[in-house]
Amino acid sequence: MSSDSPAGPAPLSPRHWPMWLALGAIWLAAHLPWTLQRGLGRGIGRLALRLAPDRRNAAQTNLALCLPELSEAGRAQLLRQSFDDLGIGLFEFARAWWGSVATLRRDVDIEGLDKLAALQAQGRGVLLISGHFMTLETCGRLLCDHVSLAGMYRRHRNPVFEWAVKRGRLRYASAMFANDELRGAIRHLKRGGFLWYAPDQDMRGKDTVFAPFFGVPASTITATHQLARLTGCAVVPFFHRREGGRYLLRVGDPLPDFPTQDIVADCTRVNTAIEQMVRQAPSQYLWIHRRFKRQPDGRASMYARPPG
């Protein structure tokens, strides 16, 4: 693999060779037939449900906090489905980065491209906001067939994985900005570019506020408010989900009168938009993330370690 790419030089020292071997296996998995990937993904998800008690506990806690209206049996069923989709999503990520989506393009339903065209005609930048769904990367790549789209992401700790994933994303994204590269993202939006961002995780940064997510206080990054304030961009919800072998992508209406002077109110509106997305495809959401690990009353965690 060439070390010369938009992602920069590849880390090729011998200490990185084990990771390169692992990536080689993932690359091969990315090229398996889609029906086989889905079957293997379900199997991996069911193994993870049994063998990853910390993540299972996090998902169970999140489901109890966010969907208390479900019965215990209903949440248990949703937990199993979410791990099935988690396993499938691993193949979806790999396929988006390093495989082909040609077969997936045959059955894609996209709504709202006209809204993006209207904003583009105004010369206005667009910040597409979404949540951490397992379809995130595949649907981002499918949307790139129709619009020039950049992305924001959190850097990976492993330099090999960071290089390989960024290189894979730059096959279809117009640019990638790490979450510490705000100047580049601001310039992109000011020039009328489209930028995709998922602000629904606890980033442990200083620029956060507590805003409700499913009625539970959640440490919420303020970047959506700040980017809109600094660039005048439109903030547009972008929802995506898988139905069987089909992908449904929907671009929503821009959030009206955004941003305001109230950062907490703006972050609440963003969380509400993502919550509405989750309710439409709950099993495909990343429930294993400890979304509520920090609380305003100082509790260190709402996620007790499972016994044993």
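My entries on salt bridges and the pocket follow.

Ground rules first: this is a predicted model, where local features need pLDDT of at least 70, side-chain atom pairs count only at pLDDT 80 or more, and totals for chains, interfaces and linings use all residues. Residues are numbered from 1 along each chain as its sequence is written, and side-chain values use heavy atoms, with hydrogens and water left out.

Salt bridges. I took a side-chain nitrogen of Lys or Arg within 4 Å of a carboxyl oxygen of Asp or Glu, and the count came to 16.

I looked up Glu92 and Arg242, whose side chains meet at 2.9 Å, N to O. Glu92 sits in helix α4 and Arg242 in strand β8 (residues 234-243), so the bridge ties together parts 150 residues apart in sequence. For burial I used under 20% relative accessible area as buried, over 50% as exposed and partly exposed in between (1.4 Å probe, protein chains only). Glu92 is buried at 1%, and Arg242 is buried at 8%.

Next I checked Arg279 and Glu69, with closest N and O atoms 3.2 Å apart. Arg279 is in helix α10 (residues 263-280) and Glu69 in the loop between α3 (53-66) and α4, 210 residues apart. Arg279 is partly exposed at 44%; Glu69 is exposed at 53%.

Arg241 and Glu243 pair at 2.8 Å, N to O.

Pocket. I noted that 40 residues line the largest pocket, with Phe93, His132, His156, Arg169 and Gln201 nearest its centre.

Note on methods:
1 Å grid on protein atoms, 1.4 Å probe; cavity = no way out; pocket = protein on both sides within 12 Å on 5 of 7 lines; lining within 4 Å. Helix = DSSP H or I, 4+ residues; strand = E, 2+ residues; numbered from the N terminus.
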